[in-house]
Amino acid sequence: MSIPQPPDDPETRNIIEKLASFVARNGPEFEVATRQKQENNPKFAFLRGGEYQHYYQFRVQAEKTLLQQPPNPFHLPPPNMPPAPTSMSHHSSRPTLPPFPGPPPPPGSNGPLPPWTQPPPPHIFSSGPPPMPIPPIPPPPAVVIEQAFQQQMQALQERLRQSEINLAAQRDSMQINKKTKVQENIRAARQARITAQATESNININELDQATLSIIEACTKDNITTGRNCILNYSQTTLQAETICLYLIDRSLAPEATFDARLHLIYLMNDILHNCIRKGNDEIRMQMSKIIVPIYCLAVDQANDERKQKLVKVEIL
């Protein structure tokens, strides 16, 4: 394949070679962009099938081949191609490699030794002066040590304080849980005793529950009368009277018992006591006299000033 001849015009040749170098480096998109931009420029006619199109394509391929190969210091221009003028060639900016040195002179000759056979200067491998010794770090002053000690002591004291607070909270929680558990066990034992005695003395607990719950919810005259009659009906014997009073105590000590619930039970017991005095029913009166004061005290613990006035009226009665 023959090599296309370059243009005689140095400017045209310079344009072709520079554009070929750019296209080889940046891709065919650069050629398309140049063709569109220089559409009406006659100096770029080689992009549109002009006279030097083949030379341009040859230069593009040559530049691509040159980019794919490592640089060769012995590269020569293609044969039959006159070199471009130095001032216009794009190769003018490439550095010129130094000549390759020849073999060393034979032994015994007086010629100078090649540079690579001479020993390197001593400063190249010299490690320089020995490094300066690092002085030891002085110990911290006594003030710094004292401050650090005080900070550690304060941190330890704070940890001890927090530990004491946590232990106290745990102890209180355990005491509350223990107290609650004890109260639950006591109430369970009391209710078991009430059930056993009610069965033994023929007391209907369901009827008693209905009568007292009606009074707790609404302390009306009719409910008080119904509750009094129910209790007096089941208070004929000492065991029955004792069971009834134990039942009223359990109602007053229930965790859900409010001030109004205890006040209404006091109203009920006060009415029963007055009835016992009139009719001479000493059995239930003696048993109920033992529990009305403790129940009264339970109500006082829950009372504010207004509620205490209600309790005072009961006391007057």
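The chain has 11 helices and 0 strands, where helices (H or I, at least four residues) and strands (E, at least two) are DSSP runs numbered from the N terminus. Along the sequence the pattern reads α-α-α-α-α-α-α-α-α-α-α. The model is predicted, so that local features need pLDDT of at least 70 and side-chain atom pairs count only at pLDDT 80 or more, while totals for chains, interfaces and linings use all residues. Residues are numbered from 1 along each chain as its sequence is written, and side-chain values use heavy atoms, with hydrogens and water left out.

Of the 317 residues of the chain, 27% count as buried; buried means under 20% relative accessible area, exposed over 50%, and partly exposed in between (1.4 Å probe, protein chains only). The accessible surface of the chain is about 22,700 Å², and carbon and sulfur atoms hold 58% of it. Accessible areas come from the Shrake-Rupley method with a 1.4 Å probe, and for residues only the protein chains shown count as cover. Among contacts in the chain with a separation of 6 or more, 69% join residues 24 or more positions apart, a contact being heavy atoms within 4.5 Å.

In soluble globular proteins, nonpolar side chains tend to be buried together. A nonpolar core is defined here as a set of buried Ala, Val, Leu, Ile, Met, Phe, Trp, Tyr and Cys residues joined through side-chain atoms within 4.5 Å. The largest such core has 36 residues, and those with the most contacts inside it are Ile 231, Leu 248, Met 269, Ile 272, Ile 284, Met 288 and Ile 291. Two or more residues of this core come from each of H4, helix H5 (205-217), helix H6 (221-233), helix H7 (238-253), helix H8 (259-279), helix H9 (282-289), helix H10 (292-301) and helix H11 (305-316). H8 gives the largest share, 9 residues. Met 269 is in contact with Leu 248, Met 288, Ile 291, Ile 292 and Ile 295, leaving aside its neighbours within four places in sequence. Another core, of 11 residues, lies apart from the largest one and includes Phe 46, Leu 47, Tyr 56 and Val 60.

Ile 244 belongs to helix H7 and counts as buried because its relative accessibility is 0%. Ile 244 and Ile 231 are 13 residues apart along the chain, with 7.0 Å between their C-alpha atoms.

Pro 6 is in the segment before helix H1 (10-26) and is buried, at 8% relative accessibility. Not counting residues up to four places away in sequence, Pro 6 touches Arg 13, Tyr 52 and Tyr 55. Pro 6 and Tyr 55 are 49 residues apart in sequence, and their C-alpha atoms are 6.1 Å apart in space. Thr 34, in helix H2 (residues 28-37), is also buried, with a relative accessibility of 12%. With residues up to four places away in sequence not counted, Thr 34 touches Leu 19, Phe 44 and Leu 47.

Asn 202 lies in the loop between H4 and H5. Most residues other than glycine have a negative phi. Asn 202 is not a glycine, yet its phi is positive, at about 60°. Asn 202 is exposed, with a relative accessible area of 63%. Ile 205, in helix H5, is partly exposed, at 24%. Leaving aside neighbours within four places in sequence, Ile 205 is in contact with Ile 194 and Ala 198. The C-alpha atoms of Ile 205 and Thr 195 are separated by 7.8 Å, with the two residues 10 apart along the chain.

The second largest pocket holds about 250 Å³ of space. On a 1 Å grid over the protein atoms alone, a pocket is an open set of points where a 1.4 Å probe fits, with protein on both sides within 12 Å along at least five of seven lines, and lining residues have an atom within 4 Å of a point. Grid points are joined across faces, edges and corners, and a volume is the space filled by probe spheres set on the points. The lining consists of Thr 180, Gln 183, Glu 184, Ile 186, Arg 187, Arg 190, Leu 253, Ala 254, Pro 255, Ala 257 and Arg 262. Helix H4 (residues 142-200) gives the most to this lining, with 6 residues. By class, the lining has 5 nonpolar, 2 polar and 4 charged residues; Ala, Val, Leu, Ile, Met, Phe, Trp, Tyr, Cys and Pro count as nonpolar, Asp, Glu, Lys and Arg as charged, and the others, Gly among them, as polar.
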